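Subject: A structure for you to look at

Hi there,

Here is the structure I promised to pass on, with its sequence. Have a look at it first, and then read my notes below.

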Amino acid sequence: MSEAVVITEVGPRDGLQNEALCLTPEQKFAWLKALAGAGLRRLEIGSFVRHDAVPQLADSDELCRRWLADEASKDIQSIALVANDKGLERALASGVPEVALLCAVSEKFNQRNIRQSVQQSLEGATSRARTAREHGRRVRIYISTAFGCPFEGPTAPARVMQVFEKVVAMECDELVFGDTLGVATPRAVRELLQGIDPACRPKVGLHFHDTYGTALANVMVGLELGYRRFDASAAGLGGCPYAAGASGNLASEDLVYVLEQEGFDTGVDLAALARASSEVLKTLKRPGSSRVRAALLSTGMEPIR
């Protein structure tokens, strides 16, 4: 029996937050249903942040309520990002079962992104994690700029570990290292991840951007070291509005293809995922970056063997 890998699909949040075109709630809802229909079981569906900061996700309250009331969401772990106490209040009111919190290793990135110091962001995340758990919610936390910062340059692993240890103390359900700029390389990934206590590794997720085309190589290092949780975005959509030059996330199609070929179980129907991506790309009026999706389109949605 194949070993399972947990994929968190971040396209509906991280994938859309940097798009010039804002999808309607109806279009987002249809995409969520298509992603769930493809077999993805963890979906980051929205973001409870200031409307003027990320207008593409200003309808998250409405979308969450509609999605969570639909039968298609019943066996899906739906996640929403929150950046402050007000966002958490909105998330709890929406009924979303899991919240994602933010902190970054870089002082300057924290200031630009959430207008707080690293220490302030950790204190806030600790308080919000406690509140979320008291309300029966699962909690994941992103440790951003784990490999590099647009304002401070490369991130030293020792500095990342200082933040990681404080996040571990929050007793979250999942801790995610974010390669915000997409600058991580296999060597850098190995240097950071091999220092994590093996007992913690089942809770650690990896979120790679593919700016320099190294995301899949980085995933392979993670797999080799025993990590089994990965974020990805359908069609490779995404980017960080606070990090110039940070292009899209690792494409979900590319991740699923490699994992399945390597003998892991993802539970995802690759052709159905590619079709779901094609529909949203048509709506966004832009191409995607997934090479696997392009290959599937050229071969009638059948993987090349």
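Let's begin with a pair of helices in this predicted model. Helix H8 (residues 186–193) and helix H9 (residues 215–224) have axes that come within 9 Å and cross at roughly 30 degrees. Angles under 35 degrees count as roughly parallel, so H8 is roughly parallel to H9. Their crossing is right-handed. On the H8 side, the residues involved are Pro 186, Val 189, Arg 190 and Leu 193, and they meet Ala 217, Asn 218, Val 221, Gly 222 and Glu 224 of H9.

In helix H5 (residues 107–114), the buried residues are Phe 109, Asn 110 and Ile 114. Looking down the axis of H5, you will find them within an arc of 100 degrees, so they line one face of the helix. What lies over them? The cover for the buried residues of H5 includes strand E4 (98–104), helix H6 (118–134), strand E5 (138–144) and strand E6 (148–149).

Helix H12 (residues 291–298) has Val 292, Arg 293 and Leu 296 as its buried residues. These cover an arc of only 100 degrees around the axis, which puts them on the same side of H12. They pack against H10 and helix H11 (270–284). On the face of H12 turned away from that buried side, you will see the exposed residues Arg 291 and Ser 298.

Finally, two residues in loops are worth a click. Most residues other than glycine have a negative phi. Glu 171 is not a glycine, yet it has a positive phi of about 60 degrees. Glu 171 sits in the loop between helix H7 (157–168) and strand E8 (174–179). Ala 235 also has a positive phi, near 70 degrees, in a residue other than glycine. Ala 235 belongs to the loop between strand E10 (229–232) and helix H10 (252–261).

Is Ala 235 buried or exposed? Ala 235 is buried, with a relative accessible area of 0%, whereas Glu 171 is exposed, with a relative accessible area of 58%.

Happy exploring, and do write back with questions!

Best wishes

Note on methods:
Residues are numbered from 1 along each chain as its sequence is written. This is a predicted model: local features need pLDDT of at least 70, side-chain atom pairs count only at pLDDT 80 or more; totals for chains, interfaces and linings use all residues. Side-chain values use heavy atoms; hydrogens and water are left out. Axes are lines fitted to C-alpha atoms, for helices over the stretch in contact, and angles run from 0 to 180 degrees between N-to-C directions. Helices (H or I, at least four residues) and strands (E, at least two) are DSSP runs, numbered from the N terminus. Angles under 35 degrees count as roughly parallel, over 145 as roughly antiparallel, 65 to 115 as roughly perpendicular and the rest as oblique. A crossing is left-handed if the near helix is turned anticlockwise from the far one by less than a right angle, and right-handed if clockwise. Contact means heavy atoms within 4.5 Å. Buried means under 20% relative accessible area, exposed over 50%, partly exposed in between (1.4 Å probe, protein chains only). The arc is that of the directions from the helix axis to the C-beta atoms.
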